[in-house]
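Here are my notes on the model, as numbered points. Please keep the structure open while you read them.

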Amino acid sequence: MGAQLRHHHLHPFRKRSSRMTKKEIRKRYIKKRDELDPSWQLKADDLILIQFQTVDFPFLERVMSFYSIPEKKEVNSFILTDYLHFRNPALTIAYPRMNAADNTMEAIGVAADTAFTDNEYGITEPVDGHLIDPGDLDMVIVPLLAIDKQGHRVGYGKGYYDRFLARCSDDCIKVGLSYFEPEKVIEDTHQYDLPLDLCITPEQVYVF
């Protein structure tokens, strides 16, 4: 990670005895998320924001986040982008737009009046907006189902983010959000799986 981050509340990883494949982890964590209590989620989202605020990020001009899907019980990303926008009112916020024809994803800068629609995967994405080169992004906030201690994530299995993150600059800060603490290791990672730089959970910030 090119940018230097300072964080004063890092803690040791919790021990995990299991070593699982992406498929096994994906199945396990979809079930875990489905079982989350909505009131607990609200508290966990607030704790994730508090942890996020303890990180001394550099000045950010362009950030790509993801559009949280309540039905999938994803972490509320909007409270984090609201905080970043408060820090820099001129911040450009982008959301991903997928192209299923060639399995690519692009970053679309949005405004207050940007229209959104659900794509074929049920993911909400911008209809219009301006295209941002991945190399110009300062941060990407990445959705995930689970992560391991090396920063490797398990997503929904389509590979869009892996291909997109490979096009970002080395200085781009790649941040995951998770309600759960990391697994010890994902068995079947490969050379194209790019580790994240940080993962924010309700309990702490993991730096990889």
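1. Start with the lining of the largest cavity. In this predicted model, 13 residues line that cavity. Arg 33, Glu 74, Val 75, Leu 144 and Leu 177 lie nearest its centre.

2. What is the make-up of this lining by residue class? Ten of the lining residues are nonpolar, one is polar and two are charged.

3. Now the volume. The largest cavity takes up about 80 Å³. With a cut-off of 30 Å³ or more, the count is one cavity.

4. Next, the sheet. Eight strands form an open sheet with mixed pairing. Their order is S7-S4-S3-S2-S8-S11-S13-S14. Which strands sit at the edges? They are strand S7 (130-132) and strand S14 (205-207), and each pairs on one side only. On average, neighbouring strands of the sheet are turned by 30° against each other, direction ignored.

5. Strand S2 (residues 62-64) and strand S3 (residues 92-99) run parallel. Three bridges join S2 to S3. Val 63 stands opposite Ile 93 in S3.

6. Helix H2 (residues 38-53) packs on the sheet. Which strands does H2 touch? The helix touches strand S8 (139-142), strand S11 (173-177), strand S13 (198-200) and S14. The direction of H2 makes about 140° with that of S13.

7. Finally, helix H3 (residues 78-87). This helix lies across S2, S3, S8 and S11. H3 runs at about 140° to S3.

Definitions and conventions: Residues are numbered from 1 along each chain as its sequence is written. This is a predicted model: local features need pLDDT of at least 70, side-chain atom pairs count only at pLDDT 80 or more; totals for chains, interfaces and linings use all residues. Side-chain values use heavy atoms; hydrogens and water are left out. On a 1 Å grid over the protein atoms alone, a cavity is a set of points where a 1.4 Å probe fits but cannot get out, and a pocket is an open set with protein on both sides within 12 Å along at least five of seven lines; lining residues have an atom within 4 Å of a point. Grid points are joined across faces, edges and corners, and a volume is the space filled by probe spheres set on the points. Ala, Val, Leu, Ile, Met, Phe, Trp, Tyr, Cys and Pro count as nonpolar, Asp, Glu, Lys and Arg as charged, and the others, Gly among them, as polar. Two strands pair if DSSP finds at least two bridges between them. Helices (H or I, at least four residues) and strands (E, at least two) are DSSP runs, numbered from the N terminus. Axes are lines fitted to C-alpha atoms, for helices over the stretch in contact, and angles run from 0 to 180 degrees between N-to-C directions. Contact means heavy atoms within 4.5 Å.
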